[in-house]
Amino acid sequence: MKTALFTPGPGNTSDSVRAALNCDLGTRTPQMMALTKHLRKQIAEVARCNDDFSVVPLQGSGTFAVEAMMTSLLPAKTPSLILVNGPYGERMAEICRIHALPHYVLRSDPLQPINVVTVADYLESHNDITALVLVHLETGIGITNPLEELLVLAEQRGLHVFSDSMSAFGLLPIKFASSSLSAVAASSNKVLHGVPGLSFVIARRDILEKPGTARTLSLDLKAQYHGFQHDGMWRFTPPVQVISALSSAIDDYLLQGGQTTRLESYKQRARRVIDGLAPLDIRPLVTGSHSAPAIVTFVLPFDEQVLSASLLSERLLSSNIVIYPSRVAEKNSFRVGFIGELTAEDIDRLITVMTDIVCEIRRQLA
Ligand SMILES: *Cc1c(COP(=O)(O)O)cnc(C)c1O
C-alpha cells in the first residue's frame, strides 16, 4: 500500500519524477551543464522574477540554502532584524549567532503572523538596522507571514529583505518586482514536489556580484554563482539525479497550471481534511486568512494520557499514513501537511483511519 505522506515535505512523488531519477550523467559533461542551465531557467520561470535576479542552486536540504543566503548575502557590518514567530525563525536567529552576524531578534506570538506595525515601531527605535529576515510560511504551526506588507515597509525605509520561502515558493506569489526584495531561499522537496537533496537561492545579481569575504567554503553563494556564470559547472559534486527529478517536477507543475493551480489543490486538500475531522471534534489550532495553505495544526480533544499526538502518529503509521506531531508544546496537537502527490482517496483514508482510532477511544471512555 502507498505510504501517504501528510508532511511538510519531502512528500509523495509522481511516477514521472521517480522516472527522472533514473539517469546517470557525468558531472562535468555538456549534458550536465545544459541540465543545470535549464533548471535555473525553470526555477526563474516559477518565480516570475526579472533578470535582476539569478537562481543559484545548492547541494543539500533547505537549511543549507538559508544558511548560504544569510552568511553570504546579509549586510556584514550593519545589523539585520530577524523576525521570529516559530521554529524556522529561531533557526535563522541561530545561524546569526553561530556565524556572529550582527543582528537583533524580534520575537512574537507563534499563533499569530508577524505584525507589521510592531516591526515598524521596532525599526523606529533601531535606526541601525538595514535588513529584515523572515520566514514566509512558518511550517512549524502553519502561519503565513505578511511578506508583501513587510516589503512595502522595507521600501519606505530603504531596507533589504531576505526570506526563507521554503514551503511558500511556488505556492504563494512573491513580489520580485519590489526594490527591497534581496533574496529568497527554497528547496526541491517542498511545493515543487521534487526529491530531497537540492535547494536554491534566488538573489539579486548586484548583491551576488558585490565582492565580500567568505564565511564558509561550501555554502559560499557568491562563489557558487560565479562558478555557474563562469563555466556552467558546480563547484562540488552536484546531486545529478535529484536535479533531473526537480526539472521533471517543474515541467509537471507548469503544465498543471503553476502557482494558482497548486494553491487551489492544497486548499481543497485542507478543506477536505478539516471537514472530515470536524465531526470528531478535531479542529485547526489556527483559523483565518493567515492559516497556511501548506500545513495545518490540529488539536486533539483528549488529554495526552488518553490519546497523545505521538501515539496517534504511531497508530496511523501502522496504516501507512504519516503525520507529524505538533511543534506547539502546550497543546496535544499534530500537523497535517499537504505537500506532495496526494489524492482525495489518500485523504479519505486518513479520515477513516483517524475516525476508527477516535471512536475506539471514545467507546473505551464511555
Ligand atoms: C522545510 C523547511 C526548511 C528546511 O528544512 P530542511 O530540513 O533543511 O529541509 C526551512 N524553512 C522552512 C520554513 C521549512 O518549511
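**Exercise 1. Identify which residues surround the ligand, and sort them by class.**

Step 1. List the shell, taking a residue as near if one of its heavy atoms lies within 4 Å of the ligand. Ser-61, Gly-62, Thr-63, Tyr-88, Arg-91, Val-135, Leu-137, Thr-139, Asp-164, Met-166, Ser-167 and Lys-190 surround the ligand. This is a predicted model: local features need pLDDT of at least 70, side-chain atom pairs count only at pLDDT 80 or more, and totals for chains, interfaces and linings use all residues. Residues are numbered from 1 along each chain as its sequence is written, and side-chain values use heavy atoms, with hydrogens and water left out.

Step 2. Sort by class. The shell holds 4 nonpolar, 5 polar and 3 charged residues. (Ala, Val, Leu, Ile, Met, Phe, Trp, Tyr, Cys and Pro count as nonpolar, Asp, Glu, Lys and Arg as charged, and the others, Gly among them, as polar.)

Step 3. Assign elements. α3 (62–73) and α4 (87–98) each give the shell at least two residues. (Helices, H or I, of at least four residues and strands, E, of at least two are DSSP runs, numbered from the N terminus.)

**Exercise 2. Locate the largest pocket and describe its lining.**

Step 1. Find the centre. Of its 27 lining residues, Thr-144, Ser-289, His-290, Ser-291 and Pro-293 lie nearest. (On a 1 Å grid over the protein atoms alone, with a 1.4 Å probe, a pocket is an open set of points with protein on both sides within 12 Å along at least five of seven lines; lining residues have an atom within 4 Å of a point.)

Step 2. Assign elements. α6 (147–157) and α10 (258–277) each supply at least two lining residues. α10 gives the most, 5 residues.

Step 3. Count classes. The lining has 14 nonpolar, 8 polar and 5 charged residues.

Step 4. Domain 1 (15–254) and domain 2 (258–365) both contribute to the lining, so the largest pocket lies between them. (The bounds come from an automatic or database domain assignment.)

Methods. Near = heavy atom within 4 Å.
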